[in-house]
Amino acid sequence: MENDFAETKYGNFVRIPIGNFTMGNDKTYTSYFGKKRRERPQSRKAHRVKISNEFAVLETPVTVSQYKLFVTETNKTTKHIHYKYLANKFELKKWYMTDKLVNSSKPKWKETELQKLIIDQKFAAYPIVGLSYYDCLEYCEWLSVKLNSTIRLLTEAEWEYCCRANEEGVFYWGNDIRKVLENSWCCLNSELEIQEVKKLKPNNWGLYDMTGNIWEWCLCRYSQNFYKYSPLENSCCVNKNCKRFVIRGGSSFNKAETCRSTHRFGLKPEVRSEYLGFRILMELK
């Protein structure tokens, strides 16, 4: 896809065309170990959605170096901010390399300071993680002023549209889950660790790490039943009775099938995790 945006210290944006796509999945898919699986109920209703506004999307999740600019320029204090990280990765890796649905070993979470991640230069090209939904909004507001454009999180429909990039298969590279190792960081190739961005293949529109590596906060509120009544144009749940917000993409912590373009989940906006970051969108006039 052609891109007429110059790369800046704030990241490289890719222009996304208007169009239509099928959101959700009403068909079965095959796990990495050859088992037939049915799409989760909250994503099972396949429906056509129209994206009627042109926009541009950051080619990667927001990185540590990009977020550090925001912290530096705004004098934001991050030492008091803590997020959860998985403390028993070695113990869990064996289970994640199987097709079992039940794990006898439970994840053990501990906390670390966000500031440690930001100041460690070796993580500069890694996705920024450990941010709440509100932190992401704060970053978007700051960058909107810097770029004199509206910068925001992607809606859930915009996220899936960008992820698919005109691909109607289960994954953004098609239906073959075995190709996950060259396209997405998941438990099979990550050692359950977050990885530097742009190390694997991009999708058809030149977007990297759309699935795997980290979950990405989306703008919309999360409802398991949203697809039953969602609008068919520029869809986004804004029901304030829904207390969680959408996350998309799966992560290095998750199994390969979580890298489906359709997989959706929701978290409370104050949640912070080493597997949770965000990507941004620029509205085009």
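A nonpolar core is a set of buried Ala, Val, Leu, Ile, Met, Phe, Trp, Tyr and Cys residues joined through side-chain atoms within 4.5 Å. Buried means under 20% relative accessible area, exposed means over 50%, and partly exposed lies in between (1.4 Å probe, protein chains only). The model is predicted: local features need pLDDT of at least 70, side-chain atom pairs count only at pLDDT 80 or more, and totals for chains, interfaces and linings use all residues. Residues are numbered from 1 along each chain as its sequence is written, and side-chain values use heavy atoms, with hydrogens and water left out.

The largest nonpolar core holds 81 residues. Those with the most contacts inside it are Ile16, Tyr67, Ile128, Tyr139, Trp217, Phe278 and Ile280. Helix α4 (residues 133–147) supplies the largest share of this core, 6 residues. Helices (H or I, at least four residues) and strands (E, at least two) are DSSP runs, numbered from the N terminus.

Tyr67 has partners beyond its neighbours within four places in sequence. Contact here means heavy atoms within 4.5 Å. The contacts of Tyr67 are Val62, Lys76, Ile118, Ile128, Leu131, Asp135 and Tyr139. Of these, Asp135 is found in helix α4. Asp135 is buried, with a relative accessible area of 6%.

Charged pairs were examined next. Side chains of opposite charge can pair when their charged atoms come close. A salt bridge is a side-chain nitrogen of Lys or Arg within 4 Å of a carboxyl oxygen of Asp or Glu. By this rule the count comes to 19 salt bridges.

One of them joins Lys76 to Glu138, with the closest N and O atoms 3.0 Å apart. This pair links distant parts of the chain, 62 residues apart: Lys76 sits in the loop between α1 (64–74) and β7 (82–86), Glu138 in helix α4. Lys76 is buried at a relative accessible area of 19%. Glu138 is partly exposed at 35%.

Asp135 and Arg272 also meet through their side chains in a salt bridge (2.4 Å, N to O).

Arg164 pairs with Glu160, the closest N and O atoms being 3.0 Å apart. Both residues lie in helix α5 (residues 156–164), 4 residues apart, about one turn of the helix. Arg164 is buried, with a relative accessible area of 3%. Glu160 is buried as well, at 0%. A network of salt bridges links Glu156, Glu160, Arg164, Arg248 and Arg264.

Strands of a sheet pair through backbone hydrogen bonds, either parallel or antiparallel. Two strands are taken to pair if DSSP finds at least two bridges between them. An open sheet of 4 strands has the order β12-β11-β10-β13, with mixed pairing. β12 and β13 stand at the edges, each with a single partner strand, so one side of each is left without a neighbour in the sheet. Neighbouring strands of this sheet are turned by 50° against each other on average, direction ignored.

Strand β10 (residues 215–221) runs parallel to β13, and 3 bridges join the two. Trp215 stands opposite Leu276 in β13. Helix α4 lies across β10, β11 (245–248) and β13, running at about 85° to β10. Axes are lines fitted to C-alpha atoms, for helices over the stretch in contact, and angles run from 0 to 180 degrees between N-to-C directions.
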